[in-house]
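Below are my notes on the model, as numbered points. Please read them alongside the coordinates.

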Amino acid sequence: MIPRIHKRGSDTIGLIRYLYGPGSHEEHTDPHLVAAFDPLTPDPGRAPEATYGQLQRLLDQPVNALPAGQRPKKHVWHLSVRTSPEDPILSDDDWAAIARRMVDATGIAPDGDDAACRWAAVRHADDHIHIIATLVRDDGRRPRLHNEARRAQTEARLIEADYGLRRITPGDGTAAKRPTSAERHKAERRGQQRTTREELREAVRRSAAGAASEEEFFDRLAAAGLLIRPRVAPSGDTLGYTVALPGDRNAKGEPVFYSGSKLAPDLSLPRIRERWTKTSDDTTQQPALPSGTEPASARRRASAAAWQALLVIDHGDDGMIAAQIAATGEVLDALAQTSAAHTRHELQAAATAFERASRSHVRAARGHDHALRQAARNLVHSGPALGRGEDGATTAMALDMLIFLAVAAAHWHAKKQHAQQAEAAHWAAEHLRAAYRAAAEHPMALLHQRGSRLAPSWQRHHATVVRHALPELADRILAEAGWPALAATLNEAQTAGHNPTTLLTQAAARRELETAERVSDVLVWRLRQMAGLPADPQNAKGWRDSGKHTVPSPERTVQTGIRLANSSPRRR
């Protein structure tokens with residue numbers, strides 16, 4: 001249930017005409033009164049002799065009883081209460097009870113207060129009501145409405161439980177502004193699935209992902225086809241910006257511009273500038289990849305940066321953690337706009353879902369998120385990835401680590417009681433899992449085939465390695481469908497000169513594995529990342545033939561150092 005307090009107004013009769021009228025798009029059906037401050041209140045919708053004027057005069061009577069100089073300029077209070085689409089249709093009696101609870105909770109008409117404000121609740125659709133009230137009590141005093149929006153939300157959560165309605169996650173005021181009904185109807189008329197506000201929010205978010213300067217940000221906005229109108233001070237300094245879609249015009253034929261802050265709180269120019277902050281003690285910085293870098297290299301870097309971010313979420317302070325979570329949103333935006341067709345839909349859904357998780361009242365300590373922001377930049381500049389070969393396999397590698405990052409963000413938000421953000425991160429993780437399954441299907445199938453063809457002696461050898469390195473998880477791993485792929489990866493690592501037992505132990509020490517959906521998959525990508533193995537198994541032959549690695553005899557395991565450390569972000 002969603003209660004929404006609208007802007008206060010001064011035109012009582014105008015609001016009444018709207019509530020009882022056909023609506024802006026003929027969407028109102030059977031407008032009628034379901035409850036009011038007085039059971040004898042006239043209902044212009046059901047009583048032929050009742051008029052809009054009668055209802056207006058009755059509601060405005062306490063206001064008009066005051067001397068002209070004491071009347072509030074904005075005396076009309078308006079609250080709409082809407083159920084979710086999946087909720088059952090409530091009866092008029094149900095809505096009447098809900099209306100009384102809302103005016104009681106908000107302070108408009110506390111229960112048992114005979115001198116409270118006058119109000120009326122009108123229903124003109126199955127799924128919502130409107131409550132109109134005038135802000136002068138019958139005793140001439142003003143109502144006490146401190147925090148009435150929050151109190152309405154609290155009461156809505158109780159109503160949901162009492163009526164068996166969908167439980168809406170409570171917010172904290174940091175969510176992006178929802179499209180207005182006018183914006184939604186405009187999109188419907190044009191046959192568009194999303195409103196202009198939503199389209200612009202995504203375009204601006206993607207333009208900001210990994211951008212390193214104001215100039216680059218505005219260049220990306222222009223490249224996205226947006227109309228841009230900077231807000232410039234007399235000194236020549238840019239204070240802000242507004243953007244519009246070229247085809248979105250008002251009745252006068254003029255573009256409809258939205259400021260960044262109206263799209264989302266963190267898309268104002270001052271908040272975007274914060275992303276470019278650098279810290280002198282940031283040890284997680286990675287050098288930028290050269291222009292024209294292959295998408296596979298950018299995805300490997302993204303996987304490494306995600307691991308560094310996990311370390312911060314595990315051990316950093318709240319400001320640093322908030323920065324990592326916000327930068328994770330940039331990586332997802334960058335990945336979504338450069339992904340192959342078979343993963344694009346789920347990655348776009350993941351980025352859209354995670355947008356809500358990227359903001360809270362915990363202010364991000366910018367600068368410590370450089371590794372993730374650089375990873376986002378690398379992804380954007382490396383260009384679109386192919387859905388096959390090393391590009392596709394490194395996408396699976398990056399997604400495997402990003403799933404852990406989204407889950408970690410959900411857990412942190414939950415601990416902070418950021419309910420909406422925790423739920424958003426959870427849904428982002430679900431979309432990332434779906435994208436991972438699509439990206440990993442081909443490379444994991446090849447590895448599975450390769451592992452199944454290993455000689456029985458080698459299969460037993462690698463099973464023994466797993467039991468020695470991970471005794472508590474060994475039975476689960478060996479029973480998973482992905483075990484042959486892990487066996488093939490262990491074989492490649494040993495052929496490359498790594499000690500499989502040491503490698504497995506260090507890979508498992510990176511982060512707990514018990515909550516992983518597929519432990520063998522997680523270990524495959526961790527080992528391939530740590531040992532520098534090609535993500536795509538088809539590249540293995542050329543990689544071995546390059547002469548970079550020696551092949552030991554199968555009778556022994558060669559001890560070597562592992563180039564990528566597992567515990568220090570500085571060495572990654």
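**Notes on the predicted model**

1. Strand 6 and strand 7 (residues 238-244) are paired antiparallel over 6 bridges; two strands pair if DSSP finds at least two bridges between them. Strands (E, at least two residues) and helices (H or I, at least four) are DSSP runs, numbered from the N terminus. Within this pairing, Ile 228 has Val 243 in strand 7 as its bridge partner.

2. This is a predicted model, in which local features need pLDDT of at least 70 and side-chain atom pairs count only at pLDDT 80 or more, while totals for chains, interfaces and linings use all residues. Residues are numbered from 1 along each chain as its sequence is written, and side-chain values use heavy atoms, with hydrogens and water left out.

3. The open sheet has 3 strands in the order 6-7-8, with antiparallel pairing. Strand 6 (227-232) and strand 8 (258-259) are at the edges with a single partner strand each, so one side of each has no neighbour in the sheet. Helix 7 (residues 214-223) packs on the sheet and touches strand 6 and strand 7, its direction making about 15 degrees with that of strand 7. Axes are lines fitted to C-alpha atoms, for helices over the stretch in contact, and angles run from 0 to 180 degrees between N-to-C directions.

4. Helix 15 (residues 419-452) packs with helix 20 (residues 519-530) at about 75 degrees, the axes being 12 Å apart. Helix 15 is therefore roughly perpendicular to helix 20 (65 to 115 degrees). Tyr 436, Ala 440, Pro 443, Met 444 and Leu 447 of helix 15 meet Asp 521, Val 524, Trp 525 and Arg 528 of helix 20; contact means heavy atoms within 4.5 Å.

5. Arg 356 lies in helix 12 (residues 341-357). Is Arg 356 buried or exposed? Its relative accessibility is 11%, so Arg 356 counts as buried (under 20% relative accessible area; exposed is over 50%, partly exposed in between; 1.4 Å probe, protein chains only). Leaving aside neighbours within four places in sequence, the contacts of Arg 356 include Asp 172, Thr 174 and Gln 420.

6. Two residues other than glycine have positive phi. Asp 30, in the loop between helix 1 (12-20) and strand 2 (32-36), has a phi of about 50 degrees. Asp 30 counts as partly exposed at 43% relative accessibility. Asn 147, in the loop between strand 5 (128-134) and helix 4 (148-163), has a phi near 60 degrees. Asn 147 is partly exposed, with a relative accessible area of 39%.

Conventions
Angles under 35 degrees count as roughly parallel, over 145 as roughly antiparallel, 65 to 115 as roughly perpendicular and the rest as oblique.
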